[in-house]
Amino acid sequence: MSTHRIGFAVKVLGEGGLPSHDARRWQSDPHLRVSLGYLEAILGYLERKELPMYRVVTQLAPYATHPDLPQFHGQIEECAEELAAIGARAAELDIRLSSHPGQYTVLNSEDERIRRSAAAELESQAALFDAMGLPAEAVVVIHVGGAAGGMEAACDRFLEGWELLSDAARARVVIENDDRSFAIRTVAELSKRCGAPVVWDILHHRCHDPDQVPDREALDLAFATWPEGVVPKIHYSSPRLDMGEKKRKVGRRVERTPALPQLRAHADLVDPIAFEYVMRDLGGGPDFDVMVEAKGKDLAVLRLREQLIARGMEIEAGWLIVG
DNA sequence: CGATGTCAAGGAATC
DNA sequence: GATTCCTTGACATCG
């Protein structure tokens, strides 16, 4: 028997929508303190809905590492008390938190300045979770980065970037397979060299897996990289299947043409049938958590849960139980 | 008020 | 070497 938290990312759509951070522009002096007020409200929502896992927005501390805005750089220290309190609240509710810096955080960039700014961003994310007193399961997920110069050179550059990180940051950062360059086997090998655990993203795996690694093996590869006592996690999403449209400017008017979605595009919701198959196949062994990436956010997770229950799967206090 | 432009940030493809 | 897309949301500004 295995247990699994199911989480969602950043934005709360339920209850009419809740703000996830102080997103005002720098001219209006946004502050982490405001974001933490929002986060507190979100924790309340998570408690009410029995949602045990949540990805906080990377920009929780606005401009915290912006090179031209040093006046914003001390927010984490300024909010030490508030951070400790909210971290304690998350612990009390047993909610697993994480974050996921996006495409601009490239630790393996060819440009050393960009590697340094990526490292600064990761230090900040780690400092935030440290100030909250969160356990090791609160990880900061990143992609390996760009593939310039080939996989080998790109992985070597990642290690150069890794060298820039403090022990505190290294203890939080985990690496994820992506949908075009770094497949699960490559990421697992890189993990052996730097020690970062691996998050396996199943949709990315469907998009890019030149080594043809079977699901079970990919799962084992990823989970072997996690330290004893820290529950691993995976990313799960269903591909978008509806037609979108492409907008193109022709002169002064906008022309809309139908566009077929890429496999990697996230759907609004999660296909419960595919999810059930995957979880019955992969569950029943070690515990692991599942971060759902769907445009429907919390609503997608709540709907998925209802559908799993209707299918006879067991959910207890928001945790999925398999086997 | 609704529509449109802009945002801190990189990489890769294309011209 | 410069431009555009990728992809996403919300602030900010314009009409």
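## A first stop: Phe223

Let's start inside the protein. Leaving out residues up to four places away in sequence, Phe223 touches Pro232, Ile234, Pro286 and Phe288, where touching, or contact, means heavy atoms within 4.5 Å. Phe223 lies in helix H9, which covers residues 215–223. Helices here are DSSP runs of H or I with at least four residues, strands are runs of E with at least two, and both are numbered from the N terminus.

Is Phe223 buried or exposed? Phe223 is buried, because its relative accessible area is 12%, and buried means under 20%, exposed over 50%, and partly exposed in between (1.4 Å probe, protein chains only). Phe223 and His73 sit 150 residues apart in sequence, and their C-alpha atoms are 35 Å apart in space.

## What you are looking at

This is a predicted model, in which local features need pLDDT of at least 70 and side-chain atom pairs count only at pLDDT 80 or more, while totals for chains, interfaces and linings use all residues. Residues are numbered from 1 along each chain as its sequence is written, chains are lettered from A and ligands numbered from 1 in the order in which they are written, and side-chain values use heavy atoms, with hydrogens and water left out.

## The whole chain

Chain A has 11 helices and 12 strands. Its C-alpha atoms fill a box of roughly 55 × 55 × 50 Å along the principal axes. How does the radius of gyration of chain A fit with a compact globule? Chain A has 20 Å, which agrees with the value near 20 Å for a compact globule of 323 residues. That radius is taken over C-alpha atoms, and the globule rule is 2.2 Å times the number of residues to the power 0.38.

Of the 323 residues in chain A, 50% count as buried. The accessible surface comes to about 15500 Å², and 51% of it belongs to carbon and sulfur atoms; areas come from the Shrake-Rupley method with a 1.4 Å probe, and for residues only the protein chains shown count as cover. Take the contacts in chain A between residues at least 6 apart in sequence: 76% of them join residues at least 24 apart.

## Meeting the DNA

Now for the partner. Sorted by class, the surface near DNA strand B has seven nonpolar, six polar and two charged residues. Ala, Val, Leu, Ile, Met, Phe, Trp, Tyr, Cys and Pro count as nonpolar, Asp, Glu, Lys and Arg as charged, and the others, Gly among them, as polar.

Some side chains pair up with particular parts of the DNA. Ser109 has a polar side-chain atom 2.7 Å from a phosphate oxygen of DNA strand B. Arg25 has a side-chain N or O atom 3.2 Å from a base oxygen of DNA strand B. A polar contact is a pair of N or O atoms within 3.5 Å; within protein, one must be able to donate a hydrogen and the other to accept it, and residues adjacent in sequence count only if both atoms are side-chain atoms.

Ser124 has its place in helix H4 (residues 112–131). At 13% relative accessibility, Ser124 is buried. Apart from neighbours within four places in sequence, Ser124 is in contact with Ala64, Thr65 and Ile76.

Gln103 is in the loop between strand S3 (96–99) and H4. Gln103 counts as exposed, at 64% relative accessibility.

Asp29 sits in the loop between strand S1 (2–9) and helix H1 (32–49). Its phi is near 55 degrees, a positive value in a residue other than glycine. Asp29 is exposed, with a relative accessible area of 53%. Asp94, in the loop between helix H3 (80–93) and S3, has a positive phi too, near 60 degrees. At 41% relative accessibility, Asp94 is partly exposed.

Ala148 belongs to the loop between strand S4 (140–143) and helix H5 (150–163). Ala148 is partly exposed at 33%. Beyond its neighbours within four places in sequence, Ala148 is in contact with Glu110, Ala154 and Arg157. Ala148 and Glu110 are 38 residues apart along the chain, with 7.7 Å between their C-alpha atoms.
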